[in-house]
Amino acid sequence: MNLKKLFKRRHPYAPVAYLGRKTVERSLNADILKLKELDRELAGDNKKGASL
């Protein structure tokens, strides 16, 4: 079930978009991924974990 259809955003952009992705990455010392990229990465991990 896709929850995106049930919930609507209050703002069109994430706070990271206003501040700038690279600026936020440097200040938090973290990598920021798009949701689609995260889904792909998690799906790849699940496939690798199932084969072990």
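The following exercises, with worked solutions, concern a predicted model.

Residues are numbered from 1 along each chain as its sequence is written, and side-chain values use heavy atoms, without hydrogens and water. In this predicted model, local features need pLDDT of at least 70 and side-chain atom pairs count only at pLDDT 80 or more, whereas totals for chains, interfaces and linings use all residues.

**Exercise 1.** Determine how many salt bridges the whole structure holds, and characterise the partners.

*Solution.* Step 1: the criterion is a side-chain nitrogen of Lys or Arg within 4 Å of a carboxyl oxygen of Asp or Glu. Step 3: it joins the side chains of Glu-25 and Arg-21, at 3.3 Å from N to O. Step 4: the two residues are separated by about one helical turn, because they are four residues apart in helix α2; helices are DSSP runs of H or I with at least four residues, numbered from the N terminus. Step 5: burial is classed by relative accessible area (buried under 20%, exposed over 50%, partly exposed in between; 1.4 Å probe, protein chains only). Glu-25 is therefore buried at 16%, and Arg-21 is partly exposed at 42%.

**Exercise 2.** Describe the backbone and surroundings of Asn-29.

*Solution.* Step 1: Asn-29 lies in the loop between α2 (21-28) and α3. Step 2: its phi is near 55°, a positive value in a residue other than glycine. Step 3: Asn-29 counts as exposed because its relative accessibility is 72%.

**Exercise 3.** Locate Leu-42 and classify its accessibility.

*Solution.* Step 1: Leu-42 belongs to helix α3 (residues 35-51). Step 2: with 44% relative accessibility, Leu-42 is partly exposed.
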